[in-house]
Amino acid sequence: MERSDAGKLSVPECLKVAESASSRIGYVAANRQIYPGKLAVFASGPKAGGGSLTVYCIAVDRKTAYVVQALDYNRQQSSAARRAADAVHTALSIASR
């Protein structure tokens, strides 16, 4: 879990960055839930299936915390899932600066 000043990365901006980064790596959006002022959850996955990427953007006091999780349903220690999570995490880290 990472935390950023909410003035630099709000929950809505966190969600927007996660969606964009997911799309750039070729993932397809599967679900999007927003609880205004508190939480945004975004799920996506590879077009062919077999995995998932979930991003949680959470309002905590004056911070936005984000958690990025990627799973490959066929391989436990998948380098592809790790790369997907790293790509989205990096995009969020850059956006929070």
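## Disulfide

The structure holds 1 disulfide, a term used here for a pair of cysteine sulfur atoms within 2.5 Å. Cys14 and Cys57 form this link, with their sulfur atoms 2.1 Å apart, and the angle of -75 degrees about the S-S bond makes it left-handed. Cys14 lies in helix H1 (residues 11-24) and Cys57 in strand S4 (residues 51-60), so the pair ties together parts that are 43 residues apart in sequence. Helices (H or I, at least four residues) and strands (E, at least two) are DSSP runs, numbered from the N terminus.

Cys14 is buried at 0% relative accessibility, and Cys57 is likewise buried, with a relative accessible area of 1%; buried means under 20% relative accessible area, exposed over 50%, and partly exposed in between (1.4 Å probe, protein chains only).

## Basis of the model

This is a predicted model, in which local features need pLDDT of at least 70 and side-chain atom pairs count only at pLDDT 80 or more, while totals for chains, interfaces and linings use all residues. Residues are numbered from 1 along each chain as its sequence is written, and side-chain values use heavy atoms, with hydrogens and water left out.

Tyr27 has Pro46 in S3 as its bridge partner. The hairpin has 3 residues between the strands, and Gly37 takes a positive phi near 75 degrees in it.

## Ser4

Ser4 belongs to strand S1 (residues 2-5) and is buried, with a relative accessible area of 5%. Leaving aside neighbours within four places in sequence, Ser4 is in contact with Leu9, Arg62, Lys63, Thr64 and Ser96, contact meaning heavy atoms within 4.5 Å.

Technical notes: Pairing = 2+ DSSP bridges.
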